[in-house]
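Grab your viewer and work through a few exercises on this one. Each comes with a solution you can follow step by step.

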Amino acid sequence: MADSVAENRKMYVEMPVGEKRAQYKCGNNFVTLDKVETWASKSQNLEDSVKVDSNKLKKYTEAGFGPFSSNPSLNQSVSMWAGDITTLEIDAIVNAANESLMGGGGVDGAIHRAAGPQLKAECATLHGCPTGQAKITGGYKLPAKYIIHTVGPRGEKPDLLQSCYQNCLEILRKENLRSIAFPCISTGIYGYPQENAAKVALTTVRKFMDQHPDSIERVIFCLFLKEDIEIYSHLMQVAFPAQ
C-alpha cells in the first residue's frame, strides 16, 4: 500500500505540466506565479483609506507588532492575494488541516476535493498530525505540486500558531521548494481572532525570510474574506514597509 502511494505521488510530481493541467479540477482557471502581484507592486497603488501613517505605525509597534526594517528585495518575494488557493500553480500550498489529516470543512475540504482521492490515500499513511506541526504530501490533481498540511490551534495560542507557519517554511526549505501559499490558519471555526492571527503569520514569515533571504521565491498570503483583506492591507505595510 505504501509503495503504491509513493509511486502515485511520484507520478504526479514528475508529470509534464501540459499533461497535468488536463487533470486540474479548476480547468483552465489556474493561476501561475507570474500572475500573482508582488507586494512591491501592490503597495504602490494602495488607496489612501488603507495607508498606514506614522501615528498608526506607532500604535502597532507600541502594541508589539514590529518594528520591521525596509527591505525592497523581500517585498518582491511576498504577496497578499484574494483568490482560491486550490487554483495556484506553485510549488506548495498550505492546508489548514485537522489532526486526522483526512479532510474536513472549509479550505481543508476544498483542497481534498480538488486534489482527488489519491490525497486521502497518502494522508492515511501519515497517521495524523499534532497541533502546531506540519507534514507534506503530493498535490495530485491540484495545480500545486505539493500540499503542506498543518494543524492550527483552537483559540488564541500564539506559540502554536507560530509553530504552524515556521514548520511549513522549514519543510519548504528542506524540500528545496521555492513558492508557498498560506490560508488564514485557525481563524475560521477554530476561533483565532483574525488580526492577531495575521500578526503572528506576518511576523513569523518576515523573520524566516530575513534569516533565509535566498531560499524563497514567493510567499503568498491567500485571503478570502473581506475582513482579512482589510487586515492584511494594513499589516503588510508594517511587516514589509516600502521604505
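**Exercise 1.** What volume does the largest cavity have, and which residues line it?

*Solution.* This is a predicted model, and the search runs over the whole structure, turning up one cavity of 30 Å³ or more. Its volume comes out at about 40 Å³. Next, list the lining: Y165, C184, I185, T187, Q194, A197, A198, D228 and Y232. Now sort by element: α9 and α10 are the ones that give two or more residues to that lining. The biggest share is from α9, with three residues.

**Exercise 2.** What should helix α10 span at 1.5 Å a residue, and how far apart are its end C-alpha atoms?

*Solution.* Start with the count: α10 covers residues 226-239, which is 14 residues.

**Exercise 3.** Why can α10 be called largely enclosed?

*Solution.* Take under 20% relative accessible area as buried. The residues of α10 that pass are D228, I231, Y232, S233, H234, L235, M236, Q237, V238 and A239. That makes ten of 14, so the helix is largely enclosed by the rest of the structure. Then look for what does the covering: among the elements over these buried residues are α3 (39-42), α4 (54-62), β2 (78-82), α9 (194-211) and β8 (218-223). To link back to the cavity, note that D228 and Y232 are buried in α10 and also belong to the cavity lining.

Key
Residues are numbered from 1 along each chain as its sequence is written. This is a predicted model: local features need pLDDT of at least 70, side-chain atom pairs count only at pLDDT 80 or more; totals for chains, interfaces and linings use all residues. Side-chain values use heavy atoms; hydrogens and water are left out. Helices (H or I, at least four residues) and strands (E, at least two) are DSSP runs, numbered from the N terminus. The expected span of a helix is 1.5 Å times one less than its number of residues. Buried means under 20% relative accessible area, exposed over 50%, partly exposed in between (1.4 Å probe, protein chains only). Contact means heavy atoms within 4.5 Å. On a 1 Å grid over the protein atoms alone, a cavity is a set of points where a 1.4 Å probe fits but cannot get out, and a pocket is an open set with protein on both sides within 12 Å along at least five of seven lines; lining residues have an atom within 4 Å of a point. Grid points are joined across faces, edges and corners, and a volume is the space filled by probe spheres set on the points.
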